[in-house]
Every structure is written in C-alpha cells, then in structure tokens.
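Subject: Structure handover

Hello,

Please find the structure below, followed by notes on what was found in it.

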Amino acid sequence: MFSRLIPTPLGPLYAEASERGLTSVRLLVLAEGFPERSNALLERLAAEVGRYFGGEGETFLDMPLDYRGLSPERIALYERVRHIPFGNTTSYAALGRELALSPRAVGAGMRACPFFLVVPAQRVIHADGRLGGFMGAEGIKLRLLVHEGLEANRFR
C-alpha cells in the first residue's frame, strides 16, 4: 500500500493506492500522523491536483481507481460521475434515471465516495439547484464549483 499527503487550498488530501490504482483520496482537517510511502501514481495525482487548483482544468480521468470491494452499481455510478465535464453539473435524479438507481441511492453513493476530486461528486446537485450534501461540507462543494467557473448565486 502506498500513501501521500497532497497540499491543497482546502486543506491536505491523503491519497492511498495499491498496485492497481487509487484506493482512496480524502480531504483531511489535520495532516498529522498519516504515514507516507509514495509511488509514481501518487506523484502523478499530486501534480494533477496542483494543476486543478492552479486553474489548468483537470485530467483525473486518466487516474486508475482500485474498485475492489465496491458493487457494480457503485462502480458504474463513479465512472459516470468521472465523465461530468469540469465546470458542469448534473442532478442526482438525472444520474438515477440514467443508471436505474433512485436519486437517494445516487446521493448515498456520492456521500460514500472514497475518491475526493478524482470522482467529482461536487458536480452532482439537486434538480432544483440546491447543492445537496457533500459529506456535511456544502461550503467546500460550493467553493469547488466556483473554482470551476460556476456562479455561486446559481445554487440555492
């Protein structure tokens, strides 16, 4: 198992990877006590996170994810969300219709997503324009969407 702390304007990310791909990317409050043993994939992720926050867009689609232990429905959801373009949003309901899931199941999947930024859960909102949950951090969700060029007053 490999791991790396990645600084961001939001706070440190702690990324973990297996030989197969990323296993988790989490936003931390504190970065103390987390072991680091980096590899090429995590170094590439750190560079891409830097480009994302540097305003150069994103290239997270080329990051392999290790989905071991996740259901086929959850994998399909995460792969679909990965393809929502930078600066765009879609709704929980629209994803649910597309993937034959309830909007609530989509929300639960986004809430449990272990791949912060790499699976851009911030781009999934309510059909009426409300942001919806973001692991209890709707302010971070809004900040990411504004960073991607969306107007803050667009969201309720």
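**Pocket, sheet and cores**

H3 and H4 each supply at least two residues of the lining of the largest pocket. Helices (H or I, at least four residues) and strands (E, at least two) are DSSP runs, numbered from the N terminus. A pocket is defined on a 1 Å grid over the protein atoms alone, as an open set of points where a 1.4 Å probe fits, with protein on both sides within 12 Å along at least five of seven lines; lining residues have an atom within 4 Å of a point.

This is a predicted model, in which local features need pLDDT of at least 70 and side-chain atom pairs count only at pLDDT 80 or more, while totals for chains, interfaces and linings use all residues. Residues are numbered from 1 along each chain as its sequence is written, and side-chain values use heavy atoms, with hydrogens and water left out.

The volume of the largest pocket is about 300 Å³, taken as the space filled by probe spheres set on the grid points, which are joined across faces, edges and corners. Of the 21 lining residues, Tyr92, Gly107, Met110, Arg111 and Gly133 are the closest to the centre of this pocket. H4 gives the most to the lining, with six residues.

**The sheet**

S1, S2 and S3 form an open sheet of three strands in the order S1-S2-S3, with antiparallel pairing; two strands pair if DSSP finds at least two bridges between them. S1 and S3 are the edge strands, each with a single partner, so one side of each has no neighbour in the sheet. From one strand to the next the twist averages 15 degrees. Axes here are lines fitted to C-alpha atoms, for helices over the stretch in contact, and angles run from 0 to 180 degrees between N-to-C directions.

S1 and S2 are joined by five bridges, and Ile6 stands opposite Leu13 in S2. The hairpin of these two strands has six residues between them, and there Gly11 takes a positive phi near 130 degrees. Five bridges also join S2 to S3, in a hairpin with four residues between the strands. Across this pair, Tyr14 has Arg26 in S3 as its bridge partner, Ala15 stands opposite Val25, and Glu16 stands opposite Ser24.

S2 is largely enclosed by the rest of the structure, because four of its five residues are buried. Buried means under 20% relative accessible area, exposed over 50%, and partly exposed in between (1.4 Å probe, protein chains only).

**Helix H1 and the cores**

H1 lies across S1, S2 and S3 and runs at about 20 degrees to S1. Val49 is in this helix and counts as buried at 2% relative accessibility. Leaving aside neighbours within four places in sequence, Val49 is in contact (heavy atoms within 4.5 Å) with Ile6, Thr8, Leu13 and Phe60. Val49 and Thr23 are 26 residues apart in sequence and 16 Å apart in space, C-alpha to C-alpha.

A nonpolar core is a set of buried Ala, Val, Leu, Ile, Met, Phe, Trp, Tyr and Cys residues joined through side-chain atoms within 4.5 Å. The largest has 37 residues, and Leu22, Leu45, Met110, Phe115 and Val118 have the most contacts inside it. Two or more residues come from each of S1 (2-6), S2 (13-17), S3 (22-27), H1 (40-53), H2 (72-82), H3 (92-99) and H4. H1 gives the most to this core, with seven residues.

Beyond four places in sequence, Phe115 is in contact with Leu22, Thr23, Ser24, Val25, Leu65, Asp66, Tyr67, Leu70 and Tyr78. A second, separate core has five residues, among them Ile125, Leu131, Leu145 and Phe155.

**Arg123**

Arg123 lies in the loop between H4 (103-111) and S5 (124-125). Is Arg123 buried or exposed? Arg123 is buried, with a relative accessible area of 0%. Apart from neighbours within four places in sequence, the contacts of Arg123 include Tyr52, Glu58, Phe86, Leu145 and Glu148. Leu145 is also one of the residues of the second core.

Regards
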